[in-house]
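Please read it alongside the sequence and the structure.

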Amino acid sequence: MKKRFKSIRLTVWLYFSIFVVSIFVLLWFTFSVSLEANYKRLKTSNISDIANYILVGWSSDAFTDATLDKLAYDNDMCILIQDAYGNRVYSYDAMANNCLIHGFGAELYKYRALAAESTAGMFYTEIKNPRFNNNTLLFVMILGDRSDPGGYIFLNTSLEPLESTIGIINRQILWISLLLLFLGLGISYFLARLIEAPLARITKSAQKMAQGDYTATFDGHGYAETEQLADVLNYAAEEISQVDELRRDLIANISHDLRTPLTMVKAYAEMVRDLSGDNPEKRREHIGIIIEESDRLAALVNDILDLSKLESGTSEINKSTFSITKKIYEIMGRYNLLSEQQGYRFFVSTSCDFETEADVIKIEQVLYNLINNAVNYTGENKTVYITQLLADDETARIEVTDTGKGIEPELMPLIFDRYYRAEKSKREVIGTGLGLSIVKQILKQHNFKFGVRSETGVGSTFWFEVKGRVTENYDDDEDLEDPKEVQDND
């Protein structure tokens, strides 16, 4: 089997590392690459808002020079307002005579023209201040209409150099990222240990179970998912243990069933060879026993093959319409010899003639197996009851009842299991021990309900239901309610 080396601990550590590195890259890109562009964008947006504020309030009597002074001071910018002829109407120099919009009339004319040419009636550009060698932002907006300007608003503010700030931030980001990396590795190691612990315990128990130790218990406490997994595995271990025990019982039972007739065949064959070869009566008797035991072997093998076909789904159902009531009487007629020779009593009770659609051969097999099972496990009075009742107008229930020891309540859910076999009767006259498993598979193929109810010391009743119609009534319908009933429709 190919080994996998990718552990939970390594995976958690890797993902945490990727997460920390991703944060570092995102922060570095934000502050190193986009910080300056965002700063200029926000500065331009801010100066544009101030220009619009001046434009809206300019015609108001409440809008005074003091208002403009405070606006310029608070935003650290120069403001110049000219009339249509270029005459100064208002001026504020926040840069101590170093503002680019004061004293540069020719240059300002060029920017007025650029603003007039623009669709929005405004123009802004980045200009280097020759004295301080720093960049500044110059903004021009037209007062009034572009075709007939009433004046011009000039705004000028410094663009702070961000290189040193970005360098400081990058160093801080580096230290923070390293701290986050080590912190993430520690947290990831701790989390991996927590997550891995219940899985390691479950794996250790699973290895024990794989080696055949079905008493191993799974401990998944710590997380809801691992606890759920442990519960499922504990249930699986119990089921596998039970199936393994039943498998051993099945092998032992089948081995016993095969060994007994084989021993008989061999013993009587030797008797024919050594003792009864010249005695016709003894020879016929011994050969008859050999034939009977051979038939028993063949029946056992056929039952095993039939059960395998039914469980694998390769056995086809050939449905036809027939009277199940008449089929019951027909089958019971074949038990007359058993009644005459061994004293069994069979009582058949039907309330009507009921017609159903099913595989007649397989339903015959169901009836034979249920009756044979009742014969094998009935009481000392050797009495078996076969009853057909109506569950409703379209459903008939067939019940086969023995008068034996009954079935313990804890064993009833297992009675139809292919591996389960109840304690043998002292009088094991017919059958191979696989009849109830075959009954279960046939009825499941037909989608017919079936089950068993039993009372220890009284007997057991196996039943199944068929769908169809009543063709003739015999008696009044009977009540089918029984609180001791256990149904098996798996």
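Arg146 counts as partly exposed because its relative accessibility is 39%, which falls between the 20% limit for buried residues and the 50% limit for exposed ones. The model is a predicted one, and every value in this briefing is to be read with that in mind.

- Arg146 is found in the loop that lies between β4, residues 134-144, and β5, residues 149-158.
- When residues up to four places away in sequence are not counted, Arg146 touches Ala115, Ala116, Glu117, Ser118, Thr119 and Gly121.
- For Thr119, which is 27 residues apart from Arg146 along the chain, the separation between the two C-alpha atoms is 8.6 Å.

**Strand β5 and its two partners**

- The strands on either side of the Arg146 loop form a hairpin, in which four residues join β4 to β5.
- β4 and β5 run antiparallel and are joined by nine bridges, and within this pairing Phe139 stands opposite Leu155 of β5.
- β5 is also joined to strand β1, residues 77-83, by seven bridges, and these two strands likewise run antiparallel.
- β5 is mostly covered, with nine of its ten residues buried.
- In a regular strand, side chains alternate between the two faces of the sheet.

- Besides its pairing with β5, β1 pairs with strand β2, residues 88-92, in the antiparallel sense over four bridges.
- Ile81 stands opposite Tyr90 of β2.
- β1 and β2 form a hairpin with four residues between them, and in its turn Gly86 has a positive phi of about 90 degrees.

**The contact of helices α10 and α11**

- The axes of helix α10, residues 360-377, and helix α11, residues 435-446, come within 9 Å and cross at roughly 145 degrees, and the crossing of α10 and α11 is left-handed.
- On the α10 side, the residues that meet α11 are Lys362, Ile363, Gln365, Val366, Asn369, Leu370 and Asn373.
- On the α11 side, the contact is made by Gly435, Leu436, Ile438, Val439, Ile442, Leu443, Gln445 and His446.
- By class, the residues in the contact of α10 with α11 are eight nonpolar, six polar and one charged.

**The protein as a whole**

- The secondary structure comes to eleven helices and 13 strands, and buried residues make up 37% of the 490 residues in the protein.
- Among contacts with a separation of 6 or more, 69% are accounted for by residues 24 or more positions apart.
- The protein exposes about 28900 Å², of which carbon and sulfur atoms supply 55%.

Definitions and conventions
Residues numbered from 1 in each chain as written. Predicted model: local features only at pLDDT ≥ 70, side-chain atom pairs only at ≥ 80, totals over all residues. Heavy atoms only, no water. Axes fitted to C-alpha atoms, helices over the stretch in contact; angles between N-to-C directions. Left-handed = near helix turned anticlockwise from the far one by under 90°. Contact = heavy atoms within 4.5 Å. Nonpolar A, V, L, I, M, F, W, Y, C, P; charged D, E, K, R; others polar. Buried < 20%, exposed > 50% of the residue type's maximum accessible area, 1.4 Å probe, protein only. Areas by Shrake-Rupley, 256 points an atom, 1.4 Å probe, with all protein chains shown as cover. Pairing = 2+ DSSP bridges.
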